[in-house]
Each structure stands twice: as structure tokens, then as C-alpha cells.
Amino acid sequence: MDAHPLEQGLQRPALNHCDMWIDSHAHLGELNDSDLTATLRDAAEADVGIIVSTATDCATARTVARQCDRHPMLRGAVGISPFDVIGPPATWYDDLTALLSRRRIVAIGEIGIDATNPRYPPLSLQQPMLEKQLSLARSLDLPAVIHSRGAEQRAVDICRSIGVTAALFHCFTGGREALAAIIDRGYYISLSGIITFKNSGLRERLRDIPLERLLIETDTPFLAPMPHRGKRNRPAWVRFVGEEVARLLGKKKGEVQKQLEENFWRLFGKAEGMENPRHPSTSF
Ligand SMILES: [Zn+2]
């Protein structure tokens, strides 16, 4: 007897590489249904096979779960971001826990700390929320998607102290030491369109990232890559990030796509409900 589809989904899917890109971090919660469908179609036409729709608070977390129910090419991350730590609903922890059991929700995120702007909530509020959500990630054995601008080392230390085993440091822009700390702990790095900006120091750092720990993203609607810098970003443009990574490393596009896809499944594939996006094939 064939296994139930959801049980099949718990297994690591057979990898049949079809030259696809994966956008490991995008915010799609503001899109209405028809705009979302158009956005996903646009992405599929640009060889994007999977997009991780990422929440920043309880309201967008519910939206992400609903989107993932409807669109097989989506996976979801739900969490409360460092910018949204003030005044979450009293039920936030239970709300997130319930959503994390939903189909195609594969991670807690985005969560984190950001020390780059005094107008953001103080670190004294950001850090406890990060710690509670990391403990939840650890207890559910799910990966965490971490925003850590200006505080990468501190975020790594917190992850380590809580015993987090799987984490993605999204939109990484940190320095050499922070990168080494992330890699040493077995965590992953995701690069955004910033890698396509000629003046970004990130380009020098690329070769220090082991290719088996790398993912790429758009962080839609922010950080559109070249040649669309300054516009509203979209998941279809993750290919500009991937192509730039391939070019800078002197590797073939297909080789980079294959490695990034393997990395994606290794990091996110054990979450309940994960399934090979090609079976059934991409639909909207
Ligand atoms: Zn984000």
C-alpha cells in the first residue's frame, strides 16, 4: 500500500534536478490572492521552483499558512521579527505553535535581533523574544530563520546557548568573524540581492562560505538585485542573485542550482508536510 502523501512528504524527496532556483526568503503576506498567483506564475517562468513565504508577526503568520495551503510551490516560515516585538497578542506563543504544525510550514522565522537603528525596538525587548522563539524551534526540532543585522555574533551566541541545531542567517551582511562563527556551528547563510551590488563587501566574502551551507533569497519586496536595484523586488528575480553567485565563483549555473537545492532540502526538508515540489508538479 502506498504511503499517505503527507507521510511520503516526511521523507527526503528524490532529487531530480531540473535547473530550478529557490527563493529561501520572501515576504508575500501583503499580496492579495490574484497578485500572489501572478507573482508565483512570474517566478515559475523564471525557473523558481520553491519560495519560502516568511512572516514577521502573528497576522502575517496566519496569512503565510493560508498561502501555503493553496500554493504547492510555497513553503512557510512563521515567527515574530525583531521589528514586531512590541505588543504581540497574549496568545502569540500558542498561535505560532499551532501554525508550526500546519502543512508546508517548515521553519520559525523571521526572528532575530537588529542593532543597526535606534528607532527599532530596544535589544532588551528583541532578545527575550528571540530566545523564546529559538527555544520553540529547538523543542519542535525545526530550523530558525534569523535576522541578525549588526548583531550577528550575538545572535550566534544566543543560538548556541539555547542549543539550536539548524538555523539560516538570512540576508547575511556580516563580517569575516561572524561568518566563521555561523559556519563553525553548522548553520547556514542566505545571500540576497546585495551580492549583485558592486560596492558590497559581501562579494569578497562569498568564497569564505562553504557552498554546501549557502542559500539565496530575494527578501521581497526589499533589496531588488541588479539590474532592478531600487524597484519593488519579486521572487522571480532570485535568479539574478543565483547567477551572480555562479559568476563570482566561476561555476556553471546548473551546478550552483543543484547544490543550493540540496542545501535547501538538508536544512528545511525534515519539517512535517515537506514534499517534493515537483510531485505534484508546480501549480498555483
Ligand atoms: Zn525578511
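Trainee: Which strand does Glu110 lie in?

Mentor: Glu110 is part of strand β4. Bear in mind that this is a predicted model.

Trainee: What is the peptide bond from Gly109 to Glu110, cis or trans?

Mentor: That bond is cis, with omega near -5°. Most peptide bonds are trans.

Trainee: Where is there a cis peptide bond with omega of about 10°?

Mentor: Between Met226 and Pro227. Pro227 sits in the loop that runs between β8 and α9 (238–249).

Trainee: Back to β4. How many of its residues are buried?

Mentor: Eight of the eight, so β4 is largely enclosed by the rest of the structure.

Trainee: And how many bridges join β3 to β4?

Mentor: Three, between β3 (residues 74–78) and β4 (residues 105–112), and the two strands run parallel. Gly76 is opposite Ile105 of β4, and Val78 is opposite Ile108 of β4.

Trainee: What order do the strands of the open sheet have?

Mentor: The eight strands go β1-β2-β3-β4-β5-β6-β7-β8, with parallel pairing. At the edges are β1 (21–26) and β8 (214–216), each of which pairs on one side only. From one strand to the next the twist averages 25°.

Trainee: Which strands does α5 touch?

Mentor: Helix α5 (residues 123–140) packs on the sheet and touches β4 and β5 (144–147). The direction of α5 makes about 160° with that of β4.

Trainee: Switching to helix pairs. At what angle do α3 and α4 pack?

Mentor: About 15°, for α3 (residues 58–70) and α4 (residues 92–99), and their axes are 10 Å apart. Angles under 35 degrees count as roughly parallel, so α3 is roughly parallel to α4. The crossing of α3 past α4 is left-handed.

Trainee: Which residues meet there?

Mentor: From α3, Cys58, Ala61, Arg62 and Ala65; from α4, Trp92, Asp95, Leu96 and Leu99. By class, this contact of α3 with α4 has six nonpolar, two charged and no polar residues.

Trainee: Is Cys171 buried or exposed?

Mentor: Cys171 is buried, because 23 other C-beta atoms lie within 10 Å and the cut-off is 20 or more. Asp47 has 16 C-beta neighbours inside 10 Å, so Asp47 counts as partly exposed.

Terms used: Residues numbered from 1 in each chain as written. Predicted model: local features only at pLDDT ≥ 70, side-chain atom pairs only at ≥ 80, totals over all residues. Axes fitted to C-alpha atoms, helices over the stretch in contact; angles between N-to-C directions. Helix = DSSP H or I, 4+ residues; strand = E, 2+ residues; numbered from the N terminus. Parallel < 35°, antiparallel > 145°, perpendicular 65-115°, else oblique. Left-handed = near helix turned anticlockwise from the far one by under 90°. Contact = placed C-beta atoms within 7 Å. Nonpolar A, V, L, I, M, F, W, Y, C, P; charged D, E, K, R; others polar. Pairing = 2+ DSSP bridges. Buried ≥ 20, exposed ≤ 12 C-beta atoms within 10 Å, placed from the backbone.
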